[in-house]
Amino acid sequence: MTYVDRVRFADVDFARIPFYGRYFTWVDRAWEQALNEHGIWFAEMVGKRGIGLPIVEAVSRYRRPLGLDDEFAVDLRVCDLSRRGLTTEFRFRRTRDADGEPASDGHIRRRFVDMEAFRPTELPDDLHASFARVAAGLRAWPAPEAPA
């Protein structure tokens with residue numbers, strides 16, 4: 001799964017590069033898109049089932065800056081899925097670059113929690129099976145597309 005977006009004026013700082021926190025916003029959008037494509041909706045999971053998925057660790061390495069109006073892709077893959085949590089690895093790449101060298105990469109570790117008690121919990125069988133499908137679909141990096 002690949003999420004594609006572009007750097008807008010509101011995303012950049014005085015140096016005309018994205019504010020570092022924006023990368024995590026874009027990863028969250030990619031993650032939500034991946035979940036939605038597999039029938040998992042945060043409104044249902046959190047609101048109706050009372051299961052949250054907070055971040056317990058976030059790491060990003062900034063390798064090559066994106067710039068204003070750059071189109072980029074966020075590639076995701078899931079590792080370490082268990083009934084208690086998962087880790088999502090990500091990488092950013094400019095869509096126009098043929099070399100595929102990442103602009104940024106890193107990982108986000110999340111844990112499942114009972115939202116009422118705000119304590120760790122384990123996923124029920126049906127949700128675990130849904131997350132396993134997401135993980136299977138995001139096991140390998142997508143091959144970079146040739147620039148247009």
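Colleague: Hi! Quick one to start: are Phe72 and Phe92 buried or exposed?

Modeller: Both Phe72 and Phe92 are buried. Keep in mind that this is a predicted model.

Colleague: Thanks. How do the rings of Phe72 and Phe92 sit relative to each other?

Modeller: Phe72 and Phe92 form a tilted aromatic pair, with 5.7 Å from centre to centre and 40 degrees between the planes. Phe72 belongs to strand E4 and Phe92 to strand E5 (residues 85-94), so their pair ties together parts that are 20 residues apart in sequence.

Colleague: And how many aromatic pairs are there in the whole structure?

Modeller: A search of the whole structure turns up 11 aromatic pairs. One of them is Trp26 with Phe72: the ring centres are 4.5 Å apart and the planes stand at 50 degrees, so this pair is tilted. Trp26 sits in helix H1 (residues 20-37) and Phe72 in strand E4 (residues 71-79), so the pair links distant parts of the chain, 46 residues apart.

Colleague: Is Trp26 buried or exposed?

Modeller: Trp26 is buried, because its relative accessible area is 1%, under the 20% cut-off. Phe72 has a value of 0%, so Phe72 is buried too.

Colleague: Which residues do the ring pairs link into a cluster?

Modeller: The cluster is made of Tyr23, Phe24, Trp26, Tyr62, Phe72, Phe90 and Phe92.

Colleague: Let's zoom out. How many helices and strands does the chain have?

Modeller: The protein chain has 3 helices and 8 strands. Starting at the N terminus, the elements run β-α-α-β-β-β-β-β-β-β-α.

Colleague: What percentage of the residues is buried?

Modeller: Buried residues make up 41% of the 148 in the protein chain. If you look at contacts with a separation of 6 or more, residues 24 or more positions apart account for 70% of them.

Colleague: Now the sheet. In what order do the strands come?

Modeller: There is an open sheet of 5 strands in the order E1-E4-E5-E6-E3, with antiparallel pairing. Its edge strands are E1 and E3 (55-62), each of which pairs on one side only. From one strand to the next, the twist averages 20 degrees.

Colleague: How many bridges join E4 and E5?

Modeller: E4 and E5 pair in the antiparallel sense over 8 bridges. Val74, for instance, has Phe92 in E5 as its bridge partner. On the E1 side, 5 bridges join E1 to E4, and these two run antiparallel. There, Val4 has Ala73 in E4 as its bridge partner.

Colleague: Which residues are on the covered face of E1?

Modeller: Tyr3 and Asp5 make up the covered face of strand E1 (residues 2-6), while Thr2, Val4 and Arg6 are on the uncovered one.

Colleague: And which strands does H1 touch?

Modeller: H1 packs on the sheet and touches E1, E3, E4, E5 and E6 (104-111). The direction of H1 makes about 65 degrees with that of E4.

Colleague: Switching to Thr88: buried or exposed?

Modeller: Thr88 counts as buried, because its relative accessibility is 2%. Thr88 lies in strand E5. Leaving aside residues up to four places away in sequence, Thr88 touches Trp31, Leu76, Arg77, Gly106, His107, Ile108 and Arg110.

Colleague: Last topic, backbone angles. What is phi of Arg16?

Modeller: Phi of Arg16 is near 65 degrees, a positive value in a residue other than glycine. Most residues other than glycine have a negative phi. Arg16 is in the loop between E1 and H1, and at 59% relative accessibility Arg16 counts as exposed.

Colleague: And where is Asp80?

Modeller: Asp80 is in the loop between E4 and E5. Asp80 has a positive phi as well, near 60 degrees. With 53% relative accessibility, Asp80 counts as exposed.

Conventions:
Residues are numbered from 1 along each chain as its sequence is written. This is a predicted model: local features need pLDDT of at least 70, side-chain atom pairs count only at pLDDT 80 or more; totals for chains, interfaces and linings use all residues. Side-chain values use heavy atoms; hydrogens and water are left out. Rings of Phe, Tyr and Trp (its six-membered ring) pair if their centres lie within 6.5 Å; planes under 30 degrees apart count as stacked, over 60 as edge-to-face and the rest as tilted. Helices (H or I, at least four residues) and strands (E, at least two) are DSSP runs, numbered from the N terminus. Buried means under 20% relative accessible area, exposed over 50%, partly exposed in between (1.4 Å probe, protein chains only). Two strands pair if DSSP finds at least two bridges between them. Contact means heavy atoms within 4.5 Å. Axes are lines fitted to C-alpha atoms, for helices over the stretch in contact, and angles run from 0 to 180 degrees between N-to-C directions.
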